[in-house]
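Me: Please take a close look at a single part of this model and describe how it packs against its surroundings.

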Amino acid sequence: MGISGPDEWAGPIEKSLLQNQPTRWRLIAAERLESESPIRLVSGFEEEPNDVAVSAAARREGLRYLLHGEILQATGHEDRDDKISLSWRLTGLQPDAPSAGMPVSIDEALIEQRYPQLMNVPDVAERTRQAAVLETKRLLAASVDRQQVTLASPRMLPGSRAIRRGNELARSGNWPMAEQVWNGVLESQPRNPAALINASIAAAARQDFSAARERIAEAVRRSAFSPVNQSLAEETLVWIELRQRDYHEAFDLSPPQEGWLISRGSL
């Protein structure tokens, strides 16, 4: 469905996404679908494609989602840090394709942390646009990379009921709320290995691998006298590193500053 917002930001970002397709996705411009449709409907917004017409055409093509972005904030001044806020809406067209929404906020601090190679781009606005494209690809890659993971599910221990409630939220697809529940347990019980394990998985699911690795390393330490938790914590540590390696390889990123915990050959 394209991107709404200032042309100097929306146009280059959309063009880059279409020319350099995200891994495992095939993006098609809405204009192409509408041009092949026998019926053209008027959009409620000038120069934006009509949702109904595009949805019908997309279903005929066998597509699974409509993706629409809206630029909420964008600055492009050389005399101050640049920033862009972009909200994405993913609308499922098939029964097994859930809808979702996710904001993307890019500033110099995030670029330096996640995409240090872009710091060599001299133009601040161009650097920020390129980071917005990479961050969008990161979201899309996460949306389609389905993984089966085992959550810690303790019983008869402090915080067990809340942890299991978080597990149910995660199983229903509400990972943000599940992570909030597990973090709530950690606020009162920072050494709870089960909450640490599950919170590390949630961090990895949103690709915050620094937080995921910190939590799972703490879970391994805290579960030394609990064979069940220790085994799950060690398995989760390996799973998190594999996901982080996949992410770094997909975006051609250098290894993290802290290095890898385990060698590729030992996996």
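Reply: Contact here means heavy atoms within 4.5 Å. The model is predicted.

Helix 7 contributes W175, E179, W182, N183, V185 and L186, while helix 8 contributes A195, L196, N198, A199, I201, A202 and A203. Sorted by class, the residues of this contact are ten nonpolar, two polar and one charged.

W182 deserves a separate look. Leaving aside neighbours within four places in sequence, its contacts include A195, N198, A199 and A202, along with L151, I163 and G166.

Next comes helix 9, residues 209–222. Its axis lies 8 Å from that of helix 8, at an angle of about 160°. Angles over 145 degrees count as roughly antiparallel, so helix 8 and helix 9 are roughly antiparallel to each other. Their crossing is left-handed. On helix 8 the contact uses P193, L196, I197, A199, S200, A203 and A204; on helix 9 it uses F209, A211, A212, R215, I216, E218, A219 and R222. Eleven of these residues are nonpolar, one is polar and three are charged.

Finally, the core. The largest nonpolar core has 58 residues, and I106, W182 and I197 have the most contacts inside it. Helix 8 supplies the largest share of this core, nine residues. In soluble globular proteins, nonpolar side chains tend to be buried together.

Key
Residues numbered from 1 in each chain as written. Predicted model: local features only at pLDDT ≥ 70, side-chain atom pairs only at ≥ 80, totals over all residues. Heavy atoms only, no water. Helix = DSSP H or I, 4+ residues; strand = E, 2+ residues; numbered from the N terminus. Nonpolar A, V, L, I, M, F, W, Y, C, P; charged D, E, K, R; others polar. Core = buried A, V, L, I, M, F, W, Y, C linked by side-chain atoms within 4.5 Å. Buried < 20%, exposed > 50% of the residue type's maximum accessible area, 1.4 Å probe, protein only. Axes fitted to C-alpha atoms, helices over the stretch in contact; angles between N-to-C directions. Parallel < 35°, antiparallel > 145°, perpendicular 65-115°, else oblique. Left-handed = near helix turned anticlockwise from the far one by under 90°.
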